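My notes are set down below in the order of reading.

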Amino acid sequence: MNKISIMIAFLAISVCTTAQELPKRIYKAYRVEEAPVINGDFDDNAWQSEEWTGDFTQHEPYEGREPSQPTEFKICFDDLHMYIAIKAYDSSPDSITNRMSRRDDGDGDMVFVILDSYHDLRTGFVFGVSSAGVRFDMIMSNNGQNQDETWDPIWQAKAKVHDWGWAAEMKIPFTQLRFQKNSDDVWGLEMARNIFRHNEMSFWQHIPRNAPGVIHAMGELDGLQQVEPRKQFDITPYGVAAYNTYESEEVNPFATGSDFRGNIGLDAKIGITNNLTLDLTVFPDFGQVEADPSEVNLTAFETFFEEKRPFFIEGNNITSFNVGLGDGDVGNDNLFYSRRIGRRPHGYPSVENNEYADVPAFTDIIGAAKLTGKTEGGLSIGVVESVTREVKAKIDSIGDRTTQVIEPLTNYSLVRVQKDLNEGNTIIGGAVTNTIRMLDDTDLDWLHKNATTAGIDFTQMFNERNYRLAASLFMSNVQGTTDAIARTQQSSARYFQRPDADYMEFDDTRTSLTGHGGKLEFSKIGGNWNFNFMNIWKNPGLELNDMGYMREADRILNVVWTGYSFTEPFSVFRSLYIGNDVYSVFDFGGNLNGLGYEYYASGNFKNFWRAGIGGGFNFKQVSNGMLRGGPSMLTPNSWRLWYRLSTDDRKKVSVFFFGNLNRGAENSRTSNMYRTSITIRPLNTLSISLSPTYSTTKTELQYFTRMTLNDEERYLFGSLDQKILSMSLRINYNITPDLTIQYWGQPFTGDIKYSDYKIITDPRAEEYSDRFHIYTSSEISITDDVYTVTTPDYSFDFENPDFKLNEWLSNLVVRWEFKPGSTAFLVWSQTRDYMGGTGEYDLGENLNYLFTDKQANNIFLIKFSYRFGLR
């Protein structure tokens with residue numbers, strides 16, 4: 001079972017039928033004077049006293065039954081550490097699945113302990129280990145509904161296979177846990193075991209699948225009341241050396257063919273109090289992080305990329321203030337989007353003929369601090385503070401060197417707090433973000449000088465946590481020059497300049513803009529049958545994109561969703577889920593922008609295959625952004641269908657397939673996307689995955705440009721024919737749990753062609769064909785890749801927009817954690833690109849040019865960090 005499956009097993013608890021809580025089991029830990037050696041043998045004196053405890057109960061697939069194999073455990077402690085011993089008995093030791101993988105990518109037979117050291121009935125610290133000795137750790141929050149598997153505490157674990165089964169031994173420093181001093185309270189405790197070959201999960205404290213959460217229903221750990229909390233104080237200096245080779249340019253003084261850079265920095269983790277930890281990073285370097293995948297984005301919206309940098313992803317569940325709904329494009333909206341920190345510079349230098357520029361790809365982070373934790377009074381705190389360097393591009397003009405600022409010195413701040421009341425059944429919270437840019441003496445006054453967002457949220461649980469009411473309000477204020485605020489008003493998130501938007505007004509004298517939004521949810525989260533009513537609104541002035549992420553404002557979205565879960569095996573299913581929802585979208589002028597219906601079903605079969613199908617329909621669609629500042633436009637109804645199938649991922653060879661179809665009425669749009677993934681595990685230490693993806697898109701209405709013809713704004717569109725092919729290769733070789741080799745490579749090729757150029761004539765016409773005029777062969781001609789349009793009323797020229805995009809990205813990382821918290825990285829990254837012109841597309845020719853047209857960009861990097869634990 002991989003990491004995602006493990007989390008799903010825990011989450012499955014919270015989506016089923018309402019039931020009463022069971023009596024809680026209690027385990028009393030005992031003190032030892034001599035610490036055990038962590039080797040998986042249990043021959044130390046520490047394990048010779050006290051009785052082993054077991055009597056686990058099967059959770060999945062058959063809830064309440066006796067597990068197929070028994071499990072026992074002991075817990076002891078001294079002043080500094082907690083020690084856990086687990087006996088995972090197995091009548092067929094040769095059937096135990098020992099898969100070597102990287103930390104947090106748990107695979108094979110595993111055991112877990114969950115500790116609610118706050119005993120707030122909402123937060124759990126998870127420590128797990130596989131039979132191969134691979135560690136897994138994460139933080140579960142919000143009663144188990146949210147997981148942060150990026151949390152990487154410093155702890156030890158060993159596993160060993162015996163003739164009676166396998167053993168797991170853990171050593172967890174109290175510095176890695178947060179709890180109160182001299183507390184008379186118990187901790188929450190759960191022990192779990194996964195038997196990989198049966199896909200069977202069992203718990204020490206039985207938690208019915210009908211429970212609406214995990215943490216509040218766990219058992220209890222007694223005996224630790226007199227343990228003194230320990231403050232963590234770790235300092236980890238690091239050094240980086242990187243050598244870059246690339247295609248040289250004879251006349252470009254900045255493109256010599258190679259560069260060398262070095263960097264030193266410092267990471268620190270400091271316990272401010274028993275429950276609050278300060279993380280610091282100075283001059284961080286994330287050269288070992290995998291690159292973002294290639295893409296073709298022809299929309300007016302920014303692509304959302306997930307965070308991959310360790311400093312920012314650890315603890316992101318605490319700093320998040322989500323203002324979206326569900327997943328996908330709508331669900332990513334958040335007051336805090338950490339990719340803003342260290343982003344690609346906003347500006348680009350103005351370069352004349354015979355001038356060359358050296359333009360940094362990213363903004364250097366001078367330093368960042370993050371304070372997270374939970375006080376004894378139940379106040380959860382998340383504070384982020386970061387400063388990024390002013391970025392200058394170097395410009396060479398026949399030997400004369402100048403610089404131009406392309407990104408100002410910027411400060412980013414975030415405060416996020418939440419307070420638990422009524423044993424965690426009531427939660428109130430708030431968040432504030434602030435972005436300050438130093439724009440003096442720069443040519444970047446089109447950026448916001450100051451941007452602030454703030455929000456408050458409230459959650460109330462009812463009926464033994466089976467029902468939830470959640471609400472939030474949020475606002476934004478951005479300040480800058482008239483140019484900066486004019487750009488914000490005219491951005492793709494709102495388009496104040498739309499001529500038919502009489503409910504908002506573009507004002508080119510504004511120096512600030514304020515907006516607001518809110519979200520309301522009422523849901524039943526316990527029970528086989530669940531429902532959720534959701535409403536979210538964002539007024540046109542809302543702007544979150546300085547430190548957060550927001551795709552569109554000027555929206556009122558209403559969703560009613562319901563679903564049913566079959567959690568007990570029946571017929572050919574181990575489990576089955578079906579759901580559907582209806583939604584409506586309005587703008588702040590009260591105009592209906594669309595209605596929709598979605599359906600979906602997902603099943604796990606008794607042969608451990610999985611399948612899913614879903615789709616939806618869109619009606620009465622009106623796009624306020626299709627003309628990118630022009631009037632709103634009617635778009636045809638559409639439907640979509642997706643389906644997926646995956647074989648048993650426990651096998652040495654497993655296959656996953658996904659397909660997605662989209663169709664528009666009036667033959668306005670046709671798109672298809674197919675993705676498959678083949679994973680081969682020839683050895684328990686090696687996995688190879690090959691994932692090709694092919695997509696085609698044909699649409700009659702692809703925005704091309706806007707122009708003024710006869711003193712009137714007109715909008716030029718074309719029919720788009722886009723074909724994208726990519727192939728992802730991923731190889732993981734895990735020599736030991738602490739020494740791994742990972743490789744990822746992706747060739748990407750795309751052919752983008754336009755035809756049937758047209759001009760919008762009446763965007764609200766009832767008949768689809770009356771909304772535009774297609775230029776006839778007598779009205780449009782092409783010469784030397786330049787189109788000329790000539791009509792009795794006007795004429796204009798434009799270049800052929802067809803293009804071909806080819807890219808190659810790859811990343812090889814050797815990672816060795818030679819000491820807990822101390823790592824060495826050896827990295828080789830390679831990128832290639834080739835932009836093909838117009839004309840017919842030939843796959844072989846494009847790939848040949850991709851790998852032969854010019855020298856690849858290679859980066860060879862060594863990074864070494866060493867942890868000093870001062871407490």
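The entries that follow record what I looked up.

**Basis.** I am working with a predicted model, in which local features need pLDDT of at least 70 and side-chain atom pairs count only at pLDDT 80 or more, while totals for chains, interfaces and linings use all residues. Residues are numbered from 1 along each chain as its sequence is written, and side-chain values use heavy atoms, with hydrogens and water left out.

**Entry 1, Asp457.** I located Asp457 in strand β25, residues 450-462. Helices (H or I, at least four residues) and strands (E, at least two) are DSSP runs, numbered from the N terminus. Is Asp457 buried or exposed? Asp457 has a relative accessible area of 17% and is therefore buried; buried means under 20%, exposed over 50% and partly exposed in between, with a 1.4 Å probe and protein chains only. Beyond residues up to four places away in sequence, I found that Asp457 touches Phe321, Arg416, Gln418, Ile427, Ile428, Gly429, Gly430, Ala471 and Ser472 (contact means heavy atoms within 4.5 Å). The side chains of Asp457 and Arg416 make a polar contact at 2.7 Å. A polar contact is a pair of N or O atoms within 3.5 Å; within protein, one must be able to donate a hydrogen and the other to accept it, and residues adjacent in sequence count only if both atoms are side-chain atoms.

I placed Ser810 in strand β45, residues 803-819. Ser810 is buried, with a relative accessible area of 7%. Leaving aside neighbours within four places in sequence, Ser810 is in contact with Tyr743, Trp744, Gly745, Trp828, Ser829 and Gln830.

I next read an open sheet of 5 strands, in the order β2-β4-β5-β11-β10 and with mixed pairing. The edges are β2 (30-31) and β10 (156-162); each has a single partner strand, so one side of each has no neighbour in the sheet. Two strands pair if DSSP finds at least two bridges between them. Strands β4 (residues 71-77) and β5 (residues 81-89) pair in the antiparallel sense over 7 bridges. I noted Phe77 opposite Met82 in β5.

Which helix gives the largest share of the lining of the second largest pocket? I found that helix α5 (residues 482-489) does, with 3 residues.
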